[in-house]
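Here is a friendly walk through one model, written for someone who likes cut-offs stated plainly. Please keep the structure open beside the text as you read.

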Amino acid sequence: MGSSELVLYFDGRCPLCAAEIRRLGARDARRRLAFVDIAEPGFDPAPLGVELSALNRELHARLPDGRMLTGVDSILAAYTLAGGGWRVWPLRVPVVRRALTPLYRRLARDRHTVSRWLGYHADASCAGAACGSDRAAGRSADRPAHDRARRLVVSWMFGAAIAHLLVGMAVPWVAGAPWLDGYHRVVELHFWAGAAPEPARAQQIWWMSLIGATVQCASVWMLALVHLGNRLRRREVWGWLLAGLLIWAPQDILFSLEARVWGHVAVDAAALVAMVPPLVWLWRRDTV
């Protein structure tokens, strides 16, 4: 443990925490992380200069020089060292980090309840060094064995949800960009015989920005459902995702056809082709 660049102090009784530590250990090919289970009998926090109650409130991580990182800062440092910094890149933005800190603390406080909600079970916990020493050995005990095809399909669905999130985040910022003039003009031609007045264009940009925020929200729900479907292997989760797509897309396509906004039709059709077949496959595969 002395050669590690970061030592994480985690609650091994928390199934979600233990599962995440296992994943971090598996990603840490260069052995830059070490893990200490504060729930192990005999664990003594005195040498750290930190109360056990504080260690239980949020994740702590010790640097080689003895400094302590806590909470969101610990997560950012751990993923960066394990080679997964891209997963937590928003945490590098100070404003985002400050905004997420209260949410993290609430989740940390209710971590056992959250573990149950997400389908993690008590047998996911790991004992002390076992979380880090067997880094590359197999899958976590809390997860059913996933065949390669299923992993690929689930990864595709995660990618689709992330793509929606990124597009939703970009839309409010680019809605008024000059290179979208052609798109706005196509929409305006459905309502105006000639050039649309400036207030109409401003309203169109405003609506487009609102849609971007809505897509962000929907993509977070999509990510949550993909995660739950993957964890629980319950077909109804995939069914809810399918239902949402099949309620939204046909209506959007119909309205776009009426307005002759062919770009919308193409995007909606591509979304259906990209997501419906994998979701049907998962729905049939996870038969519970």
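This is a predicted model: local features need pLDDT of at least 70, side-chain atom pairs count only at pLDDT 80 or more; totals for chains, interfaces and linings use all residues.

R31 is found in the loop between α1 and β2; helices (H or I, at least four residues) and strands (E, at least two) are DSSP runs, numbered from the N terminus. The phi of R31 is near 55°, a positive value in a residue other than glycine. Most residues other than glycine have a negative phi. R31 is partly exposed, with a relative accessible area of 44%. Here buried means under 20% relative accessible area, exposed over 50%, and partly exposed in between (1.4 Å probe, protein chains only).

Residues are numbered from 1 along each chain as its sequence is written, and side-chain values use heavy atoms, with hydrogens and water left out.

Another residue with this kind of backbone angle is R233, which has a positive phi of about 55° although it is not a glycine. R233 sits in the loop between α9 (198-232) and α10 (235-259).

Back in the loop between α1 (15-27) and β2 (33-37), we also find D28. Is D28 buried or exposed? D28 is buried, with a relative accessible area of 1%.

| Backbone nitrogen | Partner | Distance |

L33 leads us into β2, where 5 of 5 residues are buried. L33, F35 and D37 point one way from the strand, and A34 and V36 point the other way. In a regular strand the side chains alternate between the two faces of the sheet.

What is the strand order of the open sheet? The sheet has 4 strands in the order β2-β1-β3-β4, with mixed pairing. Its edge strands are β2 and β4 (68-70), each pairing on one side only; two strands pair if DSSP finds at least two bridges between them. The twist averages 25° from one strand to the next. Strand β1 (residues 6-10) is joined to β2 by 5 bridges, and these two run parallel. Within that pair, L6 stands opposite L33 in β2. Strand β3 (residues 60-62) is joined to β4 by 3 bridges, and here the strands run antiparallel. R62 has M68 in β4 as its bridge partner.

Now to the helices. A19 is found in helix α1 and is buried, with a relative accessible area of 0%. A19 and S115 are 96 residues apart in sequence, and their C-alpha atoms are 9.9 Å apart in space.

I162 lies in helix α7 (residues 148-174) and is partly exposed, with a relative accessible area of 37%. Together, W89, I162, L166 and M169 make a nonpolar surface patch of about 370 Å². Like charges are joined within 9 Å, and nonpolar side chains (Val, Leu, Ile, Met, Phe, Trp, Tyr) within 5 Å. Accessible areas come from the Shrake-Rupley method with a 1.4 Å probe; for residues, only the protein chains shown count as cover.

Key: Patches are made of residues with over 30% relative accessible area and no salt bridge: like charges are joined within 9 Å, nonpolar side chains (Val, Leu, Ile, Met, Phe, Trp, Tyr) within 5 Å. A salt bridge is a side-chain nitrogen of Lys or Arg within 4 Å of a carboxyl oxygen of Asp or Glu. Axes are lines fitted to C-alpha atoms, for helices over the stretch in contact, and angles run from 0 to 180 degrees between N-to-C directions.
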